[in-house]
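Hello,

Here is the structure I promised to pass on to you. Have a look at it first, and then read on for my notes.

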Amino acid sequence: MRILCTNDDGILAHGLACLVKAAEPLGEITIVAPDREQSATSHSLTLHHPLRPVRRPDGAYQVDGTPTDCVMLAVEALMPERPDFVLSGINHGQNMGEDVLYSGTVAAAMEAMTLGIPSLAISFAGGDLRSDPRLIDELVPTVTELLQHITSLPKLPPGALLNINLPPVSGGKVEGVRLTRLGRRVYSQSITPMRDPWDRPIYWIGGGSASWTGPEDSDFRAIADGFISVTPLQLDLTNRDVLDAAENWWQEI
């Protein structure tokens with residue numbers, strides 16, 4: 001099995017190293033990842049300058065671009081054969097609810113989906129691993145088992161995208177795996193006003209607190225209960241409920 005590993009936290013991220021370690025028992029691994037952190041870049045492409053992939057001594061490629069760039073470049077230029085699966089992560093922080101709209105981790109997996117390659121976006125819902133990278137090490141065997149199960153499913157649809165979040169517990173304390181849907185989260189106080197050294201106003205986006213809502217099968221509820229959350233995603237953003245109810249609100253032009 002040929003597997004492409006990428007991420008949005010950069011080629012040196014501990015989460016990527018854990019993902020590669022977890023995936024190695026499954027087959028041949030190719031690593032193509034950004035040369036620096038690209039969090040919250042969503043599905044952006046680099047159009048205004050050429051990309052320069054650099055082969056590292058360990059054989060991995062680092063790219064001066066976004067996670068989406070990395071997947072496109074790997075599949076269409078760097079790999080001699082298309083991968084059977086694309087794995088993106090393990091992200092340093094959760095990707096639940098509306099996070100998937102901003103996430104470079106999810107975007108890389110979504111690019112694989114558009115290319116017809118089944119993909120997994122994997123995130124650790126326990127915060128930034130840079131503060132304590134050991135938080136995720138104990139979960140590597142659990143991730144291996146999960147990857148072996150998913151990649152062996154006989155009826156996994158072509159180009160499927162599964163968004164996976166790992167709970168912030170040690171491997172032996174994971175309660176199991178739940179199929180979930182996206183929850184809803186609302187950030188408060190996510191913009192912090194500041195002054196620069198010249199006393200001009202500046203604003204820092206990030207931080208604040210989040211409140212979550214959603215049904216019992218929501219991703220955040222699975223994480224809160226100590227389960228691994230697996231949410232199938234799709235590229236079609238059409239609001240079918242509104243479309244089907246068009247006779248109630250739409251007037252012909």
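Where does D199 lie? D199 sits in the loop between β10 (191–195) and β11 (201–205). One caution before going further: this is a predicted model, and every value below is computed from it.

A40 belongs to the loop between β2 and β3, and with a relative accessible area of 57% it is exposed. There is also a cis peptide bond, from G89 to I90, with omega near -15 degrees. For background, most residues other than glycine have a negative phi, and most peptide bonds are trans.

**The chain overall**

The secondary structure amounts to eight helices and 13 strands. The radius of gyration is 19 Å, close to the 18 Å that the globule rule gives for 253 residues, so the chain is as compact as a globular protein of that length. Along the principal axes, the C-alpha trace spans about 55 × 55 × 45 Å. Of the 253 residues, 45% are buried. Among contacts with a separation of 6 or more, 75% are between residues 24 or more positions apart.

**The sheet and the helices across it**

Nine strands form an open sheet with mixed pairing, in the order β3-β4-β2-β1-β5-β6-β7-β13-β8. Its edge strands are β3 (54–55) and β8 (176–179), each of which pairs on one side only. Within the sheet, β2 and β4 run parallel and are joined by three bridges; V32 has Y61 in β4 as its bridge partner.

Helix α2 lies across β1, β2, β4 and β5, and runs at about 135 degrees to β2. Helix α4 lies across β1, β5, β6 (119–124), β7 (161–166) and β13 (227–233), at about 170 degrees to β6.

How many of the twelve residues of α2 (residues 67–78) are buried? Nine of them are, so to speak, under cover, and the helix is mostly covered. The buried residues are P67, T68, D69, C70, V71, L73, A74, V75 and L78. What covers them includes the strands β1 (2–6), β2 (28–34), β4 (61–63) and β5 (85–92), together with the helix α4 (104–114).

**The nonpolar cores**

The largest nonpolar core has 31 residues, and those touching the most other members are C5, I90, L147, I164 and L166. Two or more residues each come from β1, α1 (14–23), β2, β5, β6, α6, β7 and β13. Helix α1 gives the most to this core, with six residues. Apart from it lies another core of 15 residues, among them C70, L73, A74 and I117. As a general point, nonpolar side chains tend to be buried together in soluble globular proteins.

I90 lies in strand β5. Leaving aside neighbours within four places in sequence, I90 is in contact with D9, G15, L16, C18, L19, I122, S123, F124, I136, V143 and L166.

**The cysteines**

How many disulfides does a search of the whole structure find? It finds zero. C5 is in no disulfide, and the nearest cysteine sulfur, that of C18, is 12 Å away. C5 counts as buried because its relative accessibility is 0%. For C70, the closest cysteine sulfur is in C5, 12 Å away, which is too far for a bond. C70 counts as buried as well, because its relative accessibility is 0%.

T142 is placed in helix α6 (residues 140–151). Not counting residues up to four places away in sequence, T142 touches G171 and I228.

That is what I have for now. Happy browsing, and do write back with any questions.

Best wishes

Methods:
Residues numbered from 1 in each chain as written. Predicted model: local features only at pLDDT ≥ 70, side-chain atom pairs only at ≥ 80, totals over all residues. Heavy atoms only, no water. Helix = DSSP H or I, 4+ residues; strand = E, 2+ residues; numbered from the N terminus. Contact = heavy atoms within 4.5 Å. Buried < 20%, exposed > 50% of the residue type's maximum accessible area, 1.4 Å probe, protein only. Disulfide = S-S within 2.5 Å. Pairing = 2+ DSSP bridges. Axes fitted to C-alpha atoms, helices over the stretch in contact; angles between N-to-C directions. Core = buried A, V, L, I, M, F, W, Y, C linked by side-chain atoms within 4.5 Å. Rg over C-alpha atoms; globule rule 2.2 N^0.38 Å.
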